[in-house]
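Here's a short tour of one protein chain, written for someone who is just starting to read structures. Have the sequence and the 3D view open as you go.

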Amino acid sequence: MVDSVQDKRTRHVIENLQKQYKTEKYGKLHRTLFKHGIRTELYIGDGIEMYYPYFYKPVLTLQVLDKENLVILYKHEPKLKDESPIIKKIRRIAKSLNYKVMQINELPEEKPEHFCMWLDKED
């Protein structure tokens, strides 16, 4: 049985995450993608990531940086072309919400520290 203090903490964390999802820009992006038929799995941890279509078998990952108004696309499938309908649609939706959209290979040479986790995935 979970003690009442731990239960209160858990509820507090859940409430904060729900509030953040409703008010932060990434939540609007996630909801808008869903509204347009793009279902992603949302992960909030060290950063905000959306996995398409699934976390365990992603074809595409979106790293969302609200403060920088930036979405970084990481393609897990080499066959997935930049001109593919799904990438075009994601780019269009993200840009309509005033995000800049880049792929990992488009990042500037002097990459900010918060990209380091991502860069390890591509190496």
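Let's start at Tyr-99. Leaving out residues up to four places away in sequence, Tyr-99 touches Lys-25, Tyr-26, Leu-29, Val-64, Leu-65, Asp-66, Asn-69, Leu-70, Val-71 and Ala-94. Touching, or contact, here means heavy atoms within 4.5 Å.

Before going further, some ground rules. This is a predicted model, where local features need pLDDT of at least 70 and side-chain atom pairs count only at pLDDT 80 or more, while totals for chains, interfaces and linings use all residues. Residues are numbered from 1 along each chain as its sequence is written, and side-chain values use heavy atoms, with hydrogens and water left out.

Now for the whole chain. It has four helices and five strands, and from the N terminus on they run α-α-β-β-β-β-α-β-α. Helices (H or I, at least four residues) and strands (E, at least two) are DSSP runs, numbered from the N terminus. Of the 123 residues in the chain, 36% are buried, which is to say under 20% relative accessible area, with exposed being over 50% and partly exposed in between (1.4 Å probe, protein chains only). Among contacts with a separation of 6 or more, 43% are between residues 24 or more positions apart.

Which residues have the most contacts inside the largest nonpolar core? They are Leu-29, Leu-33, Leu-62, Val-71, Leu-73, Ile-90 and Tyr-99, in a core of 20 residues. A nonpolar core is a set of buried Ala, Val, Leu, Ile, Met, Phe, Trp, Tyr and Cys residues joined through side-chain atoms within 4.5 Å. Helix 2, strand 2, strand 3, strand 4 and helix 3 each give two or more residues to this core, and helix 3 has the largest share, with five residues. There's also a second, separate core of seven residues, including Leu-70, Tyr-74, Met-102 and Ile-104.

Next, helix 2. Its buried residues are Tyr-26, Gly-27, Leu-29, His-30, Thr-32 and Leu-33, and they pack against helix 1, strand 1 (41-44), strand 2 (48-52), strand 3 (60-65), strand 4 (70-75) and helix 3 (85-96).

| Helix pair | Angle | Distance between axes |
|---|---|---|
| Helix 1 (residues 4-23) and helix 2 (residues 25-35) | about 75° | 5 Å |
| Helix 2 and helix 3 | about 135° | 10 Å |

Axes are lines fitted to C-alpha atoms, for helices over the stretch in contact, and angles run from 0 to 180 degrees between N-to-C directions. Helix 1 is roughly perpendicular to helix 2, whereas helix 2 and helix 3 are oblique to each other. Angles under 35 degrees count as roughly parallel, over 145 as roughly antiparallel, 65 to 115 as roughly perpendicular and the rest as oblique.

Where helix 2 meets helix 3, Leu-29, Thr-32 and Leu-33 face Ile-90, Ile-93 and Ala-94 by contact.

Finally, look at the loop between helix 2 and strand 1, the place of Thr-40. Is Thr-40 buried or exposed? Thr-40 is buried, with a relative accessible area of 12%. Setting aside neighbours within four places in sequence, Thr-40 is in contact with His-30, Met-50, Tyr-51 and Tyr-52.
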